[in-house]
Amino acid sequence: MYKNTTNKVLDTKLDAVSIALKQSIKNLDSYTHVRGESLYVDDVNIRQGTFHAVVFDSPKAHGKIKSIDYSKAEALEGVERIFTYKDVPGENEIGGIIPDEPLFAEEEVHFWGMPIALIVAESEFIARKARGLIDIEIEDLPVITTAKEAKVKGSFINAPRSFSLGDTEKAFADCDYVFEGETFSNGQEHLYIETQGAYAEPLENGNIKVTSSTQGPTAVQKTIAKVLGVAMHKIEVDVTRLGGGFGGKEDQATPWAVMAALATYHLNQSVKLILNRHDDLRMTGKRHPYESTYKIGLSKDLKILAYQTEFLQNSGAAADLSPAIAERTLFHATNSYYVPNVTTKVLSCKTNLPPNTAFRGFGGPQGMFVIESAIAKAASEIGVSARQIQEANLLDENDTFSYGQIAKKVEAKNTWHSAKNIFNSDALEQEVAYFNKNNTNFKKGLSFMPITFGISFTNTPMNHARALVHIYLDGSVGISTAAVEMGQGVNTKMMQIAADVFSISIEKIKIETTNTTRVANTSPSAASSTADLNGKATLMACNALVERLKTVASEDLNVSEKDITLKKEAVFVNGKKSELSWTELISKAMLKRVALTENAHYATPEIHFDKTKEKGHPFAYHVYGTAITTTTIDCTRGTYEFDSVKIVHDYGKSMSEGIDLGQVEGALIQGIGWMTLEEIAYNKDGKLLSNALSTYKVPDIFSVPKTVEVIPVETEGNVMAILKSKAVGEPPLMYGIGAYFALQNAIKAFNPNYDLQFHAPMTPEKVLMGLYENKKR
């Protein structure tokens with residue numbers, strides 16, 4: 001029953017050859033990656049005379065700038081110029097959603113690491129030496145580092161947002177059980193392998209080309225134009241690929257590109273700005289820490305009747321993407337459960353930390369962690385397993401989300417019960433119980449983690465994309481889209497679509513760099529929507545070209561267009577191969593002056609959301625799944641390892657199984673890291689303490705589970721996904737939340753008096769304290 005059915009594509013008429021191609025295809029970037037031949041910003045061939053730039057940033061988190069002395073730095077041989085806000089010809093503003101973030105500090109600094117000036121010199125070494133020669137005097141102002149403190153002081157980015165369903169207060173009065181508590185989930189450093197950077201070069205007529213490591217080329221183009229006071233067509237932004245992004249380059253790649261462009265604008269010379277790791281860690285924002293409170297009410301049969309929560313989002317010193325991230329937290333506040341009465345509220349709190357930003361999951365993980373904590377608390381107090389409450393409340397077809405969307409094609413119960421059956425969860429639980437009964441110094445814990453994650457930009461107007469497809473005279477194909485390749489394999493999927501539609505070899509297809517001149521006015525590569533949006537546009541363009549080619553073939557072969565198909569790089573008539581090859585067909589089309597270029601535009605249908613009512617249908621579809629996590633704790637040391645994570649995941653009808661499996665595994669490990677190891681730390685003055693890989697730990701080969709099994713759930717897929725192959729970038733990260741609760745259960749097995757804490761990450765230090773908290777000797 002639970003066979004892999006992800007190879008079949010139902011929304012296109014593909015032949016067996018195309019399907020075989022789809023089965024065997026791998027991530028086509030892998031070859032150049034492992035050979036060290038893939039190109040990134042730092043690999044760009046720079047012009048002779050290129051200058052190098054280093055950012056001078058604030059050494060305090062909050063204060064008034066009393067004086068800055070650049071004289072010694074400017075006098076250093078090799079320093080070309082130092083730029084400040086006074087050199088901005090347009091607006092000294094880079095804020096996107098809210099215009100509250102200057103490119104360079106003016107009279108005040110608002111976080112430790114805030115850019116104040118850009119030093120441009122003949123080499124990076126000279127620029128860094130000059131940075132150390134700058135004298136600055138700052139008058140201290142009060143520093144806020146936590147969301148709770150910001151709330152007390154009334155420091156917010158914008159007005160609060162709230163979703164509601166039913167009558168929560170009335171429902172609580174009717175509950176048999178009501179529990180309250182609080183949670184904390186820390187930030188997370190993106191730690192992309194390629195740090196932030198850009199290379200700007202002058203073109204003729206005052207135009208500037210910027211090669212940027214960004215997920216949002218149009219945002220970079222628009223912001224550069226605004227800061228320079230020029231039209232957008234004067235700025236060309238080009239992206240080959242990113243060495244990782246995870247959301248950290250959706251908005252926060254912008255300032256570095258703008259600074260490089262500003263220097264090029266003034267100097268009429270190329271400028272390269274690449275942050276080193278320490279600068280990147282200090283100056284950039286992270287995943288948002290959340291401090292949240294909850295109240296949950298249940299009936300005797302464990303149905304969640306009411307749920308209420310307040311999320312305090314630590315936004316940092318400027319809005320960045322915080323309002324949108326806060327919104328997605330509300331969208332995912334009830335995770336995979338149907339709760340008839342819900343009230344959720346989020347406050348974006350302004351603090352003196354670097355502006356926090358997008359990170360894989362985009363606020364969804366923070367929301368899910370709170371309801372999973374509430375369920376764990378309720379289960380512990382009632383004396384039942386959390387799994388009983390989880391299973392009793394799983395979403396069903398036609399249930400209503402708190403934001404008004406009706407759940408359709410729901411796979412929550414399917415993935416849950418498939419996981420139980422395929423992995424024999426009863427036997428797993430018995431093994432854990434047997435182990436714990438017979439071991440004193442080691443204890444095991446097991447958890448279930450269901451996920452339900454909406455796919456679309458929650459800002460409806462952002463859900464669109466374009467593709468420009470050329471068929472060249474020799475039959476080869478070039479494709480330009482807005483998709484940015486950052487390790488997720490989107491380029492491979494775009495090539496795969498074209499190869500399937502044209503029925504040609506993948507070697508005949510090239511994906512061009514992502515460029516604002518070829519494909520303009522684009523949304524960023526984010527929200528797990530890149531393959532869907534750009535893939536649909538590519539599919540439309542390719543199909544339009546095929547229809548033209550069929551007309552040419554029908555005229556040449558004197559047959560009906562309905563009888564023609566393209567297969568195996570040839571024209572087939574009624575299933576039989578004709579003498580007309582793919583290349584010959586292209587030549588004939590050229591002779592007939594038929595357009596072999598198509599520019600297609602795709603906008604996601606049906607979705608909408610009314611922010612004045614906080615109701616609508618914001619998501620094209622949802623991705624579902626269930627993970628079962630087991631862990632073993634060393635009760636003497638507090639150390640632990642994860643024995644296994646067993647997942648049933650909703651891929652839809654996967655078009656690239658290897659790529660999608662890699663995304664699930666990678667996201668899972670990143671989620672486990674967020675929940676167990678990765679601890680962001682600032683001191684009371686707002687200085688980053690976890691500022692190196694010696695003080696900030698990420699999962700290594702010894703941290704990953706011994707076994708990871710991922711099984712596709714049997715499903716019909718969803719036509720809103722590209723070829724019914726569902727988005728896979730972000731949803732699996734939330735499986736990592738299960739690691740936290742598996743550890744909690746193991747601690748409880750050793751120490752029944754342990755009072756459940758919901759303060760992530762669950763580091764070995766916290767595990768050790770929990771093991772012996774209130775423990776009777």
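Student: How much space lies in the second largest pocket?

Tutor: About 510 Å³. A pocket is an open set of points on a 1 Å grid over the protein atoms alone, with protein on both sides within 12 Å along at least five of seven lines. Volume is the space filled by probe spheres set on the points, which are joined across faces, edges and corners. The model is predicted, so local features need pLDDT of at least 70 and side-chain atom pairs pLDDT 80 or more, while totals for chains, interfaces and linings use all residues. Numbering starts from 1 along each chain as its sequence is written, and side-chain values use heavy atoms, without hydrogens or water.

Student: Which residues lie nearest that second largest pocket's centre?

Tutor: S385, A386, R387, L446 and N745. They belong to a lining of 27 residues (an atom within 4 Å of a point).

Student: Which elements give two or more residues to it?

Tutor: Helices α11 (364-382), α12 (386-392), α14 (425-438) and α19 (737-750), plus strand β16 (442-455). These are DSSP runs numbered from the N terminus: H or I, at least four residues, for helices, and E, at least two, for strands.

Student: And the lining by class?

Tutor: 13 nonpolar, 9 polar and 5 charged residues. Nonpolar is Ala, Val, Leu, Ile, Met, Phe, Trp, Tyr, Cys and Pro; charged is Asp, Glu, Lys and Arg; the others, Gly among them, are polar.

Student: New topic. How many cavities of 30 Å³ or more are there?

Tutor: The structure holds 5. A cavity is a set of points where a 1.4 Å probe fits but cannot get out. The largest cavity holds about 60 Å³ of space.

Student: What lines the largest cavity?

Tutor: I455, S456, N463, S529, D532, L533, Y602, T604, A620, Y621 and M720. That lining has 6 nonpolar, 4 polar and 1 charged residue.

Student: And what about the second largest cavity?

Tutor: Its volume is about 60 Å³. The lining is F457, H464, A465, A482, A483, S523, P524, S525, T530, L533 and N534. Strand β17 (464-471) and helix α16 each give two or more residues. Helix α16 has the largest share, 3 residues. By class there are 6 nonpolar, 5 polar and no charged residues.

Student: Which residue has a positive phi although it is not a glycine?

Tutor: F246, at about 55 degrees. F246 is in the loop between β11 (235-239) and α8 (254-267).

Student: Why flag those?

Tutor: Because most residues other than glycine have a negative phi, and most peptide bonds are trans.
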